[in-house]
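I opened this model to take some notes for my own use. Here is what I looked up, entry by entry.

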Amino acid sequence: MPFSDFHGNAETVLRIREMLARDRFPHGVILAGPAGSGKYTLATMVARAMNCLAQPLTDGLPDFCGKCSNCVRIAQLEDLESRCAEAIEARDALKETEKKETRLFIQTHPDVMVIPPDPPQMMIKVDQVRRVIDNIYFRPSDGRERVFIFSDSAFMKEAANSLLKVLEEPPDFATIFLITENAGELLPTIRSRCMVLTLRNLSLPEIESYLAKHRPEWRPAERALVARLSEGAVGRARNFDLAAYSATREHALVILKTALRTGEHSDLFKITETYRAGAEGREKLERLLRCLYSLLQDLLFLNANSVELVRNTDLVAELQRLAQAAEFEWLSSASDRLADVERGMRRNLLRSLSLDAFEAALERN
Ligand SMILES: [Zn+2]
């Protein structure tokens, strides 16, 4: 899977490959951009291009083969969430005394290291940066370039100061990536020692064409829906759980229909009963609330004659019917009540109770 598999931000990718071709890739790079725009994926791709054993060119510029042992091992970093979960699990299995001194690192290739934010604070800690400093001056062993990817830029103060020291004098054979949604969060002294490359969100057609390639089993209408719901974030679109979303949306629609007096109470109770306490129940309820918000927003768009902004594109006809019964005052009080349910959830009120209360508060006499 070469650079052509990276979707969107073609100018930035081109610029990166031109710098690789001229052997002028900077030692410190800040990859900035919204969540899901592909920052981390792109960093791991550059790491592969730097270390690929086949060193292929496409359109005359450096690429990677995706098949050699370096490419394959570095590609194992791609599923960052699973790798982090494994690392956290391994640390949890340690003795209390060792646990305290163990920081998170992810490494599937000797020359490429990912430094994720360390729980529970979810910050990059000074011990993590020290380990990078201990490591960075060793020459590459299996590849040509040592790559360090900080997958988040929430640095503890001391950690940021240590990082600054490495950025002042990085070895020739090392590259440091700092990934952030907002480059402004980094110290100005760090920013000034790095090149800032910014990725933007993808347009709807770009996401749809990406999904046509990666989710061929989805119908075009489903791809259009996911493109809208993922709001330009290609990562979110790729991992979108359409089945779970559809099931949640069914529930949300029954709740809204019952409240608008176009549905049956018995259907509502069957649903709210399934929302239970506990961690799993909480997640399910959070999904439901997000979905209710997005449906309410779509109804607002329809009432404002802005059908082009509707996100649940496959439901427009049904939503049009609901919108006729839901005037602005009702919609705005529904959003307020929904916020009450969220507050109740934080105080751990019984889930089904607060959902039934939500519906009852919105019911018309
Ligand atoms: Zn390769």
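**Strand S6 and its neighbours**

I started at one pair: Ile115 has Phe150 in S6 as its bridge partner. For the record, this is a predicted model, where local features need pLDDT of at least 70, side-chain atom pairs count only at pLDDT 80 or more, and totals for chains, interfaces and linings use all residues. Numbering starts from 1 along each chain as its sequence is written, and side-chain values use heavy atoms, with hydrogens and water left out.

I then followed the strands on both sides of S6. S5 and S6 are parallel and share four bridges; S6 and S7 are parallel too, with five bridges. Two strands pair here if DSSP finds at least two bridges between them. Helices are DSSP runs of H or I with at least four residues, strands are runs of E with at least two, and both are numbered from the N terminus. Across in S7, Phe150 stands opposite Leu178.

Next I traced the crossovers. From S6 the chain goes through helix H7 (residues 157–168) to S7, a right-handed β-α-β crossover. S5, H6 and S6 form a right-handed β-α-β unit. Right-handed means that, with the strands pointing away from the viewer, the path from the first strand over the helix to the second runs clockwise.

Is S6 enclosed or open to the outside, I wondered? It is largely enclosed by the rest of the structure, because five of its five residues are buried. Buried means under 20% relative accessible area, with exposed over 50% and partly exposed in between (1.4 Å probe, protein chains only). I checked both faces: Arg146, Phe148 and Phe150 are on one side, Val147 and Ile149 on the other, and all are buried.

**The whole sheet**

I wrote down the strand order as S4-S5-S6-S7-S1-S8, an open sheet of six strands with mixed pairing. Strand S4 (106–109) and strand S8 (195–198) are the edges, each pairing on one side only. On average, neighbouring strands are turned by 20° against each other, direction ignored. Axes are lines fitted to C-alpha atoms, for helices over the stretch in contact, and angles run from 0 to 180 degrees between N-to-C directions.

Ile106 has Val114 in S5 as its bridge partner.

Helix H6 (residues 126–136) packs on the sheet and touches S5, S6 and S7, its direction making about 170° with that of S6. Helix H2 (residues 39–51) lies across S1 (28–32), S5, S6 (146–150) and S7 (174–180), running at about 170° to S7.

**The zinc ion**

Which residues hold the donors of the zinc ion? I get Cys52, Cys65, Cys68 and Cys71, each through SG, at 2.3 to 2.4 Å from the ion. Donors are N, O and S atoms within 2.8 Å of the metal (3.2 Å for Na, K and Ca); water is not among the atoms, so sites may look incomplete.

The four donor atoms make angles of 102 to 118°, and the site is tetrahedral. Four donors count as tetrahedral if all angles lie between 85 and 135 degrees. The spacing in sequence reads C-x12-C-x2-C-x2-C. Cys65 and Cys71 are both buried.

Leu197 sits in strand S8 and is buried, at 1% relative accessible area. Leaving aside neighbours within four places in sequence, its contacts (heavy atoms within 4.5 Å) are Thr12, Arg15, Ile16, Val29, Ile30, Leu31 and Ala32.

Asn9 is in the segment before helix H1 (10–21), and is buried with a relative accessible area of 1%. Beyond its neighbours within four places in sequence, Asn9 contacts Ser37, Thr198, Leu199, Arg200 and Leu202.

Ser294 lies in helix H14 (residues 278–303) and counts as buried at 9% relative accessibility.

**Overall numbers**

I noted 17 helices and eight strands for the protein. Of its 365 residues, 47% are buried. The C-alpha atoms fill a box of roughly 75 × 55 × 35 Å along the principal axes. Among contacts between residues at least 6 apart in sequence, 71% join residues at least 24 apart.

Note on methods: Tetrahedral: all angles 85-135°; square planar, octahedral: opposite > 155°, others 65-115°.
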